Amino acid sequence: IGFLFLLVRVNQFEKAPLISTEGYTYEKAIVVAITKDNLAEDGNRYGTQEVVVQIKSGELKGQEFDAVNPSGSLFGAECEVGTRVIVIVSSNEDSVVVTVYSLDRTKAIYLFVLLFATAVCLIGGKKGVMAVGSLAFTLICIVYLMFPLIYQGVSPIAITIVVSALATVVTLGLLGGASQKTAAAILGTVAGVVIAAVAALVFGKAAGISGYNVSDIETLNYVAQNSSIRIGQLLFSGIIISALGATMDVGMSIASTIQEVSDTNPSLGMKELFFSGIHV
């Protein structure tokens, strides 16, 4: 309950939009007819395709409109009757202009998430269910805790380490239960993440990587002008998050192995167990 209250509190802030969306919306739609195709004899598409779409969301749900479908690498889609798409609806008092933006991939995404979760639960049983739950918890922490706090000016590196530690405690706690093995795995993982953060910062300093030399820096700078984001730390924050999965995996693997070695031969001391872990 306390964690949910924290999430609600953290997300109560105003976001500065990257671009103005006044006068248009993105809606789901389905292609019901093709009035002019742009498929050439060589099998390629040139120019634009003209289609009729039925809006499936928003204020215009259920209505049909003529739409333009551009043939581009980033925008548009190869439309046939029945194709589900995302459209841009630009409306004013006199007219409504509809343009095909991209394919609607919602069903595919939900289907694959469902298949993945089902496979993990069937193979892992109770622990599989716990694993899916811990994965969902980690995603919630990143999207609804880490991102909002970064946006509001909290150090990306600091909050990433905190979120990584929180995700580690919950994930390994659910999978391993309350035990020395779980405690060792949690300590090992958190230590590994902190070491990764320090290593990234030291290397960045030595190699002259400021965190500003990334491909989307112009967009990020615009966001920074309208928020409190510390742009220079985002790159290193990403490095820490990317290290979390591997570190957690190794941490629990080594802890489980040493637990088994200790249970098999209780006479082994800390030194022998430590070198067994090094050999593993």
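Buried means under 20% relative accessible area, exposed means over 50%, and partly exposed lies in between, with a 1.4 Å probe and protein chains only. At 14% relative accessibility, Tyr151 counts as buried. This is a predicted model: local features need pLDDT of at least 70, side-chain atom pairs count only at pLDDT 80 or more, and totals for chains, interfaces and linings use all residues. Residues are numbered from 1 along each chain as its sequence is written, and side-chain values use heavy atoms, with hydrogens and water left out.

**Aromatic pairs**

- The structure holds six aromatic pairs. Rings of Phe, Tyr and Trp (its six-membered ring) pair if their centres lie within 6.5 Å; planes under 30 degrees apart count as stacked, over 60 as edge-to-face and the rest as tilted.
- Tyr24, Tyr26, Phe75 and Tyr101 form one aromatic cluster.

**Phe3 and Phe137**

- The ring centres of Phe3 and Phe137 lie 5.3 Å apart with planes at 35 degrees, so this pair is tilted.
- The pair links distant parts of the chain, 134 residues apart: Phe3 sits in helix H1 (residues 2–10) and Phe137 in helix H2 (residues 106–151). Helices (H or I, at least four residues) and strands (E, at least two) are DSSP runs, numbered from the N terminus.
- Phe3 is partly exposed at 26% relative accessibility. Phe137 is buried at 17%.

**Phe13 and Tyr151**

- Phe13 and Tyr151 form a tilted aromatic pair, 5.3 Å centre to centre with 35 degrees between the planes.
- This pair also links distant parts of the chain, 138 residues apart. Phe13 lies in the loop between H1 and strand S1 (24–36), and Tyr151 in helix H2.
- Phe13 is partly exposed, with a relative accessible area of 21%.
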